[in-house]
Amino acid sequence: METNKNEAITSRDIDFAKWYTDVCRKAELMDYSSVKGFIIYRPYGYAIWEQIQNYLNGRFKAIGVQNVYMPLVIPESLFNKEKEHVEGFAPETLIATIGGKSKIDDPLIIRPTSEVLFCEHYARIISSHRDLPKLYNQWCSVVRWEKTTRPFLRGSEFLWQEGHTIFATEQEARQNALDVLDIYDDLGSELLAIPFVKGLKTDKERFAGARETYSIEALMHDGKALQSGTTHYFGTGFAEVFGITYQGKDNVLRNPHQASWGVSTRLIGSIIMVHGDDNGLVLPPFVAPTQVIIIPIQQSKEGILTEAESIKARLEKAGFRVSLDDSDRTPGWKYAEYEMKGVPLRLEIGPRDLEKGQVVIARRVNGKKVFVANENIENEVNHLLNETHDEMYRKAKEFLKTHIIEVKTLEELKKVVDEGGYAKMMWCGERGCEDKIKEMTAATARCMPHGDHNHFDNKCAVCGKKADKIVYFAKAY
RNA sequence: CGGGACGUAGCACAGCUUGGUAGUGCGCUUGGUUCGGGACCAAGAGGUCGAGGGUUCGAAUCCCUUCGUUCCGACCA
């Protein structure tokens, strides 16, 4: 049990980066295409994304969000309207210049993000306070011409949702950014079993064109942080540039306030690197496309397959995602295969079980097996899925907790981020200190966390001046 | 965008130094025996050697170009 049964996967501690790409491919989450940075989301990987979509659509709709779909392309002239935004994205756009056989005078940018499309549309449909608020979201892919790419973590094209909301007041727009940040945090605790650090980005790390950027940050097993989602409060900057105005009850014309927010298929990368082990993927139960894999033993024997099928039907009826592998592979092969794919529960049914009126259920997360009487299967599956989720979340949270370390000097900070984890630092707020840390340690400010108000010092760890901000620094993907 | 490594059957690789019939293991197909931790036997199928150009009687092998993958940096979800 303790040996690595699959030689094909590189051990996590020997080469984490290689382990990661091995898992991506061996678990059949993705495949490479012939264009750099554009990957194929295979059915199993895409199904994980669909679970995330289902969860978020439910939560979004509960706060009044409507799904829409915007065009794939943005005329360059339109894109260029907001200066700061353009400067943030210009180096990484893919641009179409030929249509049919003729040159396009105003080249079309393949969207790297859709702020300007939403703004242009909002300008047309908003004129009165009665038209506000609007809470739009779209599920789509975006293209960014990245220099180096890795499956799910950084792609030239990736799938995401982008919410673009617009309100009469600053307070509502900022609150929307914070509300969705909480939804993302819940996504972590309820679906992905990932404890995020959430908080406000420093000015240096803020999104191009935003007034405030918030993020959820996950800590990978190798101690590097992964920004897993962001929300932004935009103020009226875009509205001014794009001429979005509304007339208030007092007859005065004003610019509305905007927010935007998004998570991407990068979340799949988070799941892999937070929970995976040397035998492959370990999927949190509620995001797993298959929660229970049924493996019949000696399936050619009388009664085994019919029993397996009846258990499958019972579990499906009880609302679980379950599949039965009745292929002619050996059981041992199937065990290894579904471990690699991270299926949370494996249900074995063989001649001995049939005789005793029981099944065997094994947990992916810890390898433990239990015998379950036939009549208790639904209850036990339900119990084990919940227990698995809790255990995975608890483990990840414990890892996070032990990897947030208070530092009072640059040297201490360097040591912490080199070993992996967050260095928690008091900061004066000066950009110069942040730049210096980046230069000396390659770590960046991840965020100023909500919910950590423990001021353990009053001096900036870099310059020694008065400091009242708590910042987490880490090396990041 | 800089530096390194690598592209040969679905996968992992050998062959290249010293040019001369395209190989090995796993996987795949068919049949049979198996089945509680990646089974076994037998018979098969599968490759324009990443692409383009050059040298040569002859190129997987030598030269040039290019595309892709990957790792390490700089930049970003």
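## Stop 1: a partly exposed residue

Start by selecting E28, which counts as partly exposed because its relative accessibility is 29%. Here buried means under 20% relative accessible area, exposed means over 50%, and partly exposed is in between, using a 1.4 Å probe and protein chains only. Before you go on, know that this is a predicted model, where local features need pLDDT of at least 70, side-chain atom pairs count only at pLDDT 80 or more, and totals for chains, interfaces and linings use all residues. Residues are numbered from 1 along each chain as its sequence is written, chains are lettered from A and ligands numbered from 1 in the order in which they are written, and side-chain values use heavy atoms, with hydrogens and water left out.

E28 sits in the loop between α1 (16-26) and β1 (30-32). Names like these come from DSSP runs numbered from the N terminus: helices are H or I with at least four residues, strands are E with at least two. Check the backbone of E28 too: its phi is positive, about 60 degrees, although E28 is not a glycine.

Now jump to N251, in the loop between β12 (246-247) and β13 (253-254). N251 also has a positive phi without being a glycine, at about 75 degrees. Its relative accessible area is 57%, so N251 is exposed.

## Stop 2

Select 73-75, 94-99 and 102-110. In what order do the strands of this open sheet lie? The order is β4-β6-β5, with antiparallel pairing. β4 and β5 are the edge strands with a single partner each, so one side of each has no neighbour in the sheet. Neighbouring strands here are turned by 45 degrees against each other on average, direction ignored (axes are lines fitted to C-alpha atoms, for helices over the stretch in contact, and angles run from 0 to 180 degrees between N-to-C directions).

Three bridges join β4 to β6; two strands pair if DSSP finds at least two bridges between them. To see facing residues, look at P75, which stands opposite L108 in β6.

## Stop 3: strand β7 and the way in

Select L132 and P133: the peptide bond from one to the other is cis, with omega near -5 degrees. P133 belongs to the loop between α5 (115-125) and β7.

Next, select 134-143 for β7 itself. Is this strand enclosed or open? It is largely enclosed by the rest of the structure, because 10 of its 10 residues are buried. Both faces are covered, with K134, Y136, Q138, C140 and V142 on one side, and L135, N137, W139, S141 and V143 on the other.

β7 pairs with β3 (residues 66-67) in the parallel sense over two bridges, and 10 bridges join β7 to β8 (residues 157-167), which runs antiparallel to it. Zoom in on N137: N67 stands opposite N137, and the bridge partner of N137 in β8 is G163.

## Stop 4: helix α6

Select 170-192, which is helix α6. At 1.5 Å a residue its 23 residues should span 33 Å, and the end C-alpha atoms are 32 Å apart, which agrees. (The expected span is 1.5 Å times one less than the number of residues.)

Pick out I183, which is buried because its relative accessibility is 4%. Which residues does I183 touch, leaving out those up to four places away in sequence? They are Y55, L56, R59, F60 and I63, where contact means heavy atoms within 4.5 Å. Other buried residues of α6 include A173, Y184 and L192. Just after the helix, A193 takes a positive phi of about 55 degrees.

## Stop 5

Select 266-275, helix α8: 10 of its 10 residues are buried, so the helix is largely enclosed by the rest of the structure. Among them are R266, M273 and H275.

Finish at strand β22 (444-449). Six of its six residues are buried, so β22 is largely enclosed too. Two bridges join β9 (residues 197-200) to β22, antiparallel, with G199 partnered by P449. Three bridges link β22 to β23 (residues 469-474), also antiparallel, and A445 stands opposite F473 there.
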